[in-house]
Amino acid sequence: MKVRTRSSAIIGTICLVASLALTTASADEPAAARQTAQITLKQVATAKNPTAGAAGPGGKLWIAERAGTVRVLGDKGLGQPVLDISAETTTDGERGLLGIAFDRKYAHFYISFTNLEGTSRVDEFAVRKGKIQPHTRRTVLTQTQPYANHNGGDIKIGPDGYLYIALGDGGSGGDPHGNGQNLGTLLGKLLRIDPRGGKPYAIPADNPFVNTPGAKGEIWSYGLRNPWRFSFDAGTGDLLIGDVGQNDWEEIDWAPASSKGGENYGWGQMEGTHPFRGGTEPANHVPPVHEYDRSNFGCSVTGGYVYRGKAIPALRGQYVFSDYCDGTIRSLQMRNGKVTAVNDLGVNGGEIISFAQDRNGELYVFTIGGSLSRIDAA
């Protein structure tokens with residue numbers, strides 16, 4: 001779903017070799033710290049190209065499969081699909097069912113997918129007694145996509161109750177249409193909308209560009225290439241985005257819970273902290289809190305979550321992430337928006353495509369091959 005244009009290695013169609021080697025941090029980042037948490041991966045189920053997970057009613061974890069099905073993880077693995085839109089989407093390019101989310105009361109379920117025409121679409125269903133009500137389905141938002149890659153597609157309900165939607169820059173390579181820095185398009189952005197406040201949605205009055213002429217009011221932050229996975233820290237409300245780079249640098253972006261939005265993460269003038277193809281750093285550029293190059297087989301950052309579970313006390317408060325090609329599970333220790341340590345957690349998960357967080361704050365790892373594993377204490 002997020003492999004670089006340069007490699008032409010489209011997820012699900014070309015197998016990439018995972019590596020045990022460490023990725024390299026930039027020179028001005030702290031050196032990797034001594035390992036502080038001992039973890040292991042416990043496989044709990046097998047899915048078909050899992051892409052996203054969301055904590056659902058009854059404390060169950062709901063799993064999205066790229067071809068268009070949603071299944072619930074139980075004690076005996078995944079159940080039968082509770083939703084099937086496989087006739088409405090396609091897995092060509094980087095398309096498919098890419099994100100799912102519940103509102104805070106588990107009264108509404110949201111799906112993010114690309115339809116048969118390749119258009120990004122977010123739909124809503126009512127949920128009653130833990131079950132999707134198909135007849136209540138409605139389309140909340142659509143965005144045409146000029147190419148089959150860089151769809152983004154992750155969705156989350158933020159601490160403020162609004163729906164956040166990540167969209168890539170539209171695809172191809174090098175942001176040929178300049179979407180990342182263009183406030184007149186939703187592409188290359190993180191959006192913030194109120195899906196219950198209007199038909200089909202309302203734009204929150206305090207969004208940063210509501211009163212900016214020519215800008216889309218839905219935009220919360222911009223300058224993103226392919227924000228494949230993002231999350232909110234369940235403990236602090238801080239936002240973290242894993243933004244897939246172009247040729248050289250993978251990045252993780254951060255914004256505090258107190259942010260009023262409007263952050264410019266630099267793409268396509270910048271790739272991480274580095275000018276991209278002679279680009280000029282924007283005056284309001286917000287650099288990543290962490291970046292790494294691909295000298296040791298990294299190719300596509302897989303953003304995760306800040307761990308807030310109880311099973312691994314030494315990991316609490318650390319941001320857990322990986323890379324699709326490298327597969328090593330790592331964590332960032334942070335203080336006041338600065339990375340104080342980068343930890344190798346000593347486990348390689350293979351081709352890690354996504355993470356999920358259950359209601360108790362425990363984390364799960366998904367691989368493109370279908371393995372669903374929980375991160376446990378070793």
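## Basis of the report

Buried is used here for a residue with under 20% relative accessible area, exposed for one over 50% and partly exposed for one in between, with a 1.4 Å probe and protein chains only. The model is predicted, so local features need pLDDT of at least 70 and side-chain atom pairs count only at pLDDT 80 or more, while totals for chains, interfaces and linings use all residues. Residues are numbered from 1 along each chain as its sequence is written, and side-chain values use heavy atoms, with hydrogens and water left out.

## Aromatic pairs around W62

Searching the whole structure gives ten aromatic pairs, where rings of Phe, Tyr and Trp (its six-membered ring) pair if their centres lie within 6.5 Å, and planes under 30 degrees apart count as stacked, over 60 as edge-to-face and the rest as tilted. W62 and F102 are edge-to-face, because their ring centres are 4.8 Å apart and their planes stand at 90°. This pair links distant parts of the chain, with W62 in strand β4 (residues 61-65) and F102 in strand β8 (residues 97-102), 40 residues apart; strands (E, at least two residues) are DSSP runs, numbered from the N terminus. Both W62 and F102 are buried.

W62 also forms a tilted pair with F109, at 5.3 Å centre to centre and with 50° between the planes. Since F109 lies in strand β9 (residues 108-114) and W62 in strand β4, the pair ties together parts 47 residues apart in sequence. F109, like W62, is buried. Ring pairs join W62, F102, Y106 and F109 in a cluster.

## Charges over rings

A charge sits over a ring if NZ of Lys or CZ of Arg is within 6 Å of the ring centre and within 35 degrees of the ring normal. K156 lies over the face of F230, 5.3 Å from the ring centre, and the charged end of R225 sits over the ring of W267, at 5.7 Å from its centre.

How values were computed
Helix = DSSP H or I, 4+ residues; strand = E, 2+ residues; numbered from the N terminus.
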